[in-house]
Every structure is written in C-alpha cells, then in structure tokens.
Amino acid sequence: MNILTLIKKELPDEKLYLFINRFIFTFLFLFVGLPLWYSTTTTYRAPLPYSRITTLASTSSEDVTVTNLTSFQAASSYEISFYLVNNNDENYSLNKTEYEEIIASTIAPYLINTYSKYIDFDISTEIISNTRGILPSETIHSLEKRQIPFFINKLEYLLHRSTKHYREKIFFILFIPDEKQTPLTIENNPQNSIIVPKWGSVIFYNKYNSQDNLNVVMKQFLNHFNQLLGIETIDQWISLRTIENYNNGRQTLLTLSQLLLSIPNIVIDDIMAKKIHNSVDLLEQCQENKQHNICQQGRLLADQVFFDPSLLKLLYFPDDQKFAIYVPLYLPMGAPLAWTLFNDIKFLIDIIKRNR
C-alpha cells in the first residue's frame with residue numbers, strides 16, 4: 001500500500017487536496033526557492049591562475065635604471081588628441097573637417113608609420129572656439145613664465161579627459177589668439193610653444209593667413225611627441241618600454257589577485273577571466289623572449305581588467321547587507337512554512353507506523 005492511499009484513509013478528500021498542495025508548496029519554497037535565491041545572489045567568480053600570477057610576480061627581472069621625470073611612463077595605450085583652440089573666428093575660420101585633413105596629412109602618417117608597431121594609440125581632433133578669458137588679458141601680447149601654469153589650468157577645463165583609465169591622454173593644442181592679442185609670444189621662448197611634462201604641449205599660432213605655414217607649424221608637434229615620450233633613439237626607447245610593460249603588467253596582475261582574494265564580492269565573469277589568463281600567458285612569453293608587442297599586449301589586457309567597471313558590480317552590496325534586506329522578507333514566511341512542513345512529515349511518519 002503506497003503512502004497516498006494511507007493518507008486517503010486518514011483524511012477526507014477536501015483536506016487531502018489542501019494537505020498535498022501545502023506540502024508541495026512548502027517543500028518547493030524551502031528546498032528549491034531558497035537555495036535558488038542564494039545561488040543567484042552569490043558573487044560569481046570564474047577560476048583564475050592565482051599561483052601563476054604569484055610566480056610571475058616573484059620572478060626577478062631587469063630594473064628600469066633610466067628615469068625621465070619629464071616624460072610619460074610606458075602605458076599600455078595612448079589617446080593622442082589634437083585641439084584647435086580658436087580665439088579668432090572672424091579672421092580665421094577652420095572647420096573640423098579641414099583641421100582633420102591637416103592632421104591626416106602632416107602628423108598622423110608619421111605617427112602611424114613609425115610607432116603603430118610599438119604603441120597602441122588613437123588619434124582624435126577637436127575645435128574649441130571663443131575661449132576668451134583663458135589668457136590673463138584680452139590685449140596681452142607676451143605670456144610670462146609665471147603666468148603659464150594658470151593658463152594651462154584654465155585651458156585644461158575645456159579638454160575632454162579619457163574615459164578609459166588605463167589609457168594615457170596626450171594633448172597637442174594649437175592656440176590661435178584673438179586679433180587684439182596677435183602676435184602673441186612666450187617670454188624667452190623663440191619656438192613660441194609650451195611643453196608640459198606628462199601632459200602635452202601648446203603652440204601659439206599667429207600667422208593665420210597661410211595654410212602652408214600652418215602645416216609647417218603642425219609638424220613641430222612631432223618633436224614634442226618625442227620629448228614627451230622620452231624618445232631619443234627608437235631601439236633604446238623600445239628596450240626600455242619593453243621592460244616597463246613587463247614589470248608593470250605583472251605588478252598589475254599581482255595587485256588585482258590580492259584585491260580579489262581580500263574582497264570576495266568582486267565579480268569576475270568569464271570574459272574578464274579569459275583576459276586575465278591571456279595576460280598571464282603573454283607576460284610569461286614576454287619573460288622568455290622580451291618581445292615588445294607581446295609585453296605591451298600582456299600589460300594592456302591586465303590594465304583593461306583592473307579598470308573594468310564590472311568589477312564593482314556587487315562591491316557595494318556585501319553579504320551582510322544582502323541578508324539584512326532579504327531576511328525580513330523571507331523569515332516571516334519561511335518559519336511558519338518550516339514548522340508546517342515539520343508537522344506534515346511527522347504526520348506522515350505516524351501514518352506509516354500505524355499501518356505497518
């Protein structure tokens with residue numbers, strides 16, 4: 001005789017129907033619903049090569065002995081932005097398309113042909129008009145050295161910062177002064193330009209009637225680019241940057257792994273985990289052959305993961321807050337159901353014992 005037949009003997013039909021439904025609902029809520037809720041709210045973390053990262057970080061490597069405090073350190077990627085700051089709209093009109101064509105014909109080919117094999121970078125252009133108030137005076141004709149920091153600070157408010165934190169932003173600004181300020185020069189500076197370490201450069205352009213002169217002036221930015229990146233010879237620069245990329249990449253991975261181990265609520269999905277595995281593979285290859293492209297790509301992947309916003313998805317929703325929110329919801333319903341299930345099981349056991 002099965003259990004259902006035994007229950008039918010003890011309960012009338014209407015109570016039997018209620019008993020079965022209550023039992024099924026309680027069982028599903030306690031043994032299916034709650035575990036499913038807990039599993040879906042648990043932080044997902046794909047498997048990561050922690051031991052390989054530790055080994056990679058502990059391996060001795062050549063130190064970078066040459067330190068240039070004025071140039072950018074090796075970055076995994078760069079954003080190179082060319083701005084035309086035009087204070088002289090009435091006498092000099094240059095739209096964005098024309099400005100892009102000038103960049104494309106004077107600077108972009110050299111940067112792409114010379115450095116694209118060694119640097120991951122994007123080139124962008126932008127025009128900013130009517131920026132009166134940046135210079136100390138509307139009739140100024142000479143910018144003193146003590147005034148330069150204030151000028152750069154005001155100018156920087158107009159520029160767009162990078163949305164990707166692992167990318168270095170380099171600004172190249174062509175500043176066309178107002179007619180009242182023309183010609184505008186810089187104190188004791190025959191090149192009429194400003195190079196700001198680890199930031200970019202500004203060239204003041206006064207000859208606004210000749211586009212040929214503008215092409216010549218724009219090529220000055222190439223010299224500024226070499227200075228800002230500390231490039232004396234390509235071979236020496238590549239060797240130095242290869243070591244920097246390798247050391248920085250493995251240090252980023254070590255910092256990330258320590259962070260993940262100390263904060264369990266940081267999510268690592270399969271895409272991020274794959275990037276970490278690929279980064280470790282590339283940096284291990286870099287350790288053996290010191291190829292610049294491999295070292296740079298390994299560091300780029302490490303930086304992309306470290307600054308990825310998805311890592312913060314559940315960082316501000318830890319387990320104690322999760323239970324503080326859901327326990328008041330589930331406990332008033334779960335406790336009575338658990339007690340009911342206990343009594344129902346006890347009832348079933350008693351029926352079985354009586355009919356043995």
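This is a predicted model: local features need pLDDT of at least 70, side-chain atom pairs count only at pLDDT 80 or more; totals for chains, interfaces and linings use all residues.

Biologist: Where is Asn188, and what is its phi?

Modeller: Asn188 is in the loop between strand E5 (185-186) and strand E6 (193-196). Helices (H or I, at least four residues) and strands (E, at least two) are DSSP runs, numbered from the N terminus. Although Asn188 is not a glycine, its phi is positive, at about 55°.

Biologist: Is Asn192 buried or exposed?

Modeller: Asn192 is found in the loop between E5 and E6, and it too has a positive phi, of about 55°, without being a glycine. Its relative accessibility is 10%, so Asn192 counts as buried.

Biologist: On to the rings: why is the pair of Phe151 and Phe175 edge-to-face?

Modeller: There are 13 aromatic pairs in the structure. Rings of Phe, Tyr and Trp (its six-membered ring) pair if their centres lie within 6.5 Å; planes under 30 degrees apart are stacked, over 60 edge-to-face and the rest tilted. For Phe151 and Phe175 the centres are 5.5 Å apart, and the pair is edge-to-face because the planes stand at 80°.

Biologist: How many residues apart are Phe151 and Phe175?

Modeller: Phe151 is buried, with a relative accessible area of 1%, and Phe175 is buried as well, at 0% relative accessibility. Phe151 sits in helix H6 (residues 148-156) and Phe175 in strand E4 (residues 167-176), so the pair links distant parts of the chain, and the separation is 24 residues.

Biologist: And which parts does the pair of Phe172 and Phe225 tie together?

Modeller: Phe172 and Phe225 make a tilted pair, 6.4 Å centre to centre with 45° between the planes. Both Phe172 and Phe225 are buried. The pair ties together parts 53 residues apart in sequence, because Phe172 lies in strand E4 and Phe225 in helix H8 (residues 220-228).

Biologist: Which residues form one aromatic cluster?

Modeller: Phe172 and Phe225, the tilted pair, belong to it. The cluster is made up of Phe82, Tyr110, Tyr115, Phe172, Phe221, Phe225 and Trp237.

Biologist: Now the charges: where is Asp281, the salt-bridge partner of Arg52?

Modeller: The structure has six salt bridges, each a side-chain nitrogen of Lys or Arg within 4 Å of a carboxyl oxygen of Asp or Glu. Arg52 and Asp281 meet at 2.5 Å, N to O. The two are 229 residues apart, with Arg52 in helix H3 (residues 50-58) and Asp281 in helix H10 (residues 270-289).

Notes:
Residues are numbered from 1 along each chain as its sequence is written. Side-chain values use heavy atoms; hydrogens and water are left out. Buried means under 20% relative accessible area, exposed over 50%, partly exposed in between (1.4 Å probe, protein chains only).
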